[in-house]
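Thanks for coming. I will go through a few local features one at a time, and please keep the picture in view while I talk.

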Amino acid sequence: MRRPIRVGVAGWLVVLLAAPVLSGCGWRGLNSMPLPGTAGGGPGSFEVKAQLPDVTNIQQNSRVRVGDVTVGNVVKIEREDWHSLLTMRIDGGVDLPANAVATIGQTSLLGSLHVELAPPKGVPPEGKLRNGSVIPLTAAGSYPTTEQTLAALSLVLNGGGIGQVQDITRAFSTAFAGREGDLRSLIEQLDQFIGRLSAQSGDIIEATESVNDLVAQFSDQRPVLDRALQTFPEALSVLKEQRQNLVEVLDKLGKFSALTADTVDQTNDALVQELKDLGPVLKSLADAGPSLTRSLSFLTTFPWNKETIPNWFRGDFANLTLVLDLTLSRLDSAFLTGTRFEGELTELEMQWGRTIGQQPSPYTSVNPLTFPYQSNQGP
C-alpha cells in the first residue's frame, strides 16, 4: 500500500525538477510554477488584472480572497510603467462589480500576504468583473505591513516624545492637586456645553447655510460692490471738502432745536388749553354725526324727505302741481343778487314794459310790505 504513494511523490518530484529544464529559463523557485490545489483553476474561471502601486513581498500563487474566502491566486507579476501589474485567476462563481477595489493585505502579524477584492465603498457598484477586466491604480492600495508598523512604532518610542509622557503626567498631577472639585465641575460644564451645542447642530448648520447664501449673494453683486468701493473714496473726499459746511449745519440745527424746545415750553400751556377747547367742538361734531349722515339722504330726494316718501308715494308715479316763475326779474333776484350783474335782467325786463307797477321789485323805492296793492300789479 505504501509503494504507490512513494511512486506518486517521486513522480511529482520528477515533474517539478524537469520543468525548469524544459522551460530553459524563468525558474524562480516553486512559486514561479502553478501549484496543484490552488483556487481559480476550476471550470468557468477567468483572469483579472490589477494595477498596484507596490506589491511589497507578494509572490506568484499568493491567494486572492473575497470576504476572508479564497477565490483565486496570483499567476503573474510584472512591471508596467511606474507601478506593478498583477494577473489573477478567479473562480467562475465569484460575482464582483467592475469597479471593485484590490488591496494587498496580511492574514496576521506574521502571516502570509494576499490580494483582497471587495466592492467599492462610498460609491454604488457598476457592471460586473469579467475575464480581461483591469482594476485601475486609483482603485488599488495596500494595508500597512508588519515592517511598516514596527518602523512607525520604533519612531514613536525612540524620538516621538513618548518618554515625555511621564513629565506631562507629573505636570498635570501637580497642576490639578487640590483642585479635583474644580476639575470635576469643569468637566460637567463642558459636558453640558457640548450637549447643548450638539442639540443646536441643526440651527448651526442652518446659520452656516444662510451665511453661505449671503456670501453667494455678495459674490453675485461683486461688480456693484467694486463700483461702490471705487466711488467711496470720492464720496469721502466730497465730505471732507464740505466738512465746514456740515459743521455749520449741525450747529444751526442745534440752535434751531434749542429754539424749538424753548418755544414749545413757552406755548405749552396755551397749546394744552387750545386742545382742551377743541375737545367740546369735536364732541359736538361727533354727537351730530347721526344727523349729518341722515341729512345726506335728503339730497337725493330734494325737496322731499326720503324717509316720508313711502307714506304718500304709492306705486311708480305721483301727481304734482308745479308753478315755475321764469321771468327775468325773478331769475335776477334768485341767481344774480349780490353779484356784479345784479339788476341787469330786471332793467331789461322794465325796458320791455313787463314789470311796470309790479311789486315787489328791486327798483321800487317804497316798502313792498306797506305799499298799497294795485289792481294792475299782477298775480
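A polar atom of the Ser133 side chain lies 2.9 Å from the backbone oxygen of Arg130. A polar contact here is a pair of N or O atoms within 3.5 Å; within protein, one must be able to donate a hydrogen and the other to accept it, and residues adjacent in sequence count only if both atoms are side-chain atoms. Ser133 sits in the loop between β6 (113-118) and β7 (134-135). Helices (H or I, at least four residues) and strands (E, at least two) are DSSP runs, numbered from the N terminus. Ser133 counts as buried because its relative accessibility is 18%. Buried means under 20% relative accessible area, exposed over 50%, and partly exposed in between, with a 1.4 Å probe and protein chains only.

A word on the source: this is a predicted model, where local features need pLDDT of at least 70, side-chain atom pairs count only at pLDDT 80 or more, and totals for chains, interfaces and linings use all residues. Residues are numbered from 1 along each chain as its sequence is written, and side-chain values use heavy atoms, with hydrogens and water left out.

Next, two loop residues. Asn61 is not a glycine, yet has a positive phi of about 70°. Asn61 lies in the loop between β1 (46-52) and β2 (63-66). Asp81, also not a glycine, has a positive phi of about 55°, and is placed in the loop between β3 (69-80) and β4 (83-90).

Now the salt bridges. The rule asks for a side-chain nitrogen of Lys or Arg within 4 Å of a carboxyl oxygen of Asp or Glu. The count comes to four salt bridges. One of them joins Glu47 and Arg89, at 2.7 Å from N to O. Glu47 is in strand β1 and Arg89 in strand β4, so this pair ties together parts 42 residues apart in sequence. Glu47 is partly exposed at 29% relative accessibility, and Arg89 is partly exposed at 25%.

Another salt bridge links Lys255 and Asp251, with the closest N and O atoms 3.6 Å apart. Both residues lie in helix α7 (residues 243-266), four residues apart, about one turn of the helix. Asp287 and Lys283 also form a salt bridge, at 3.2 Å between the closest N and O atoms. They are separated by about one helical turn because they are four residues apart in helix α8 (residues 268-287).
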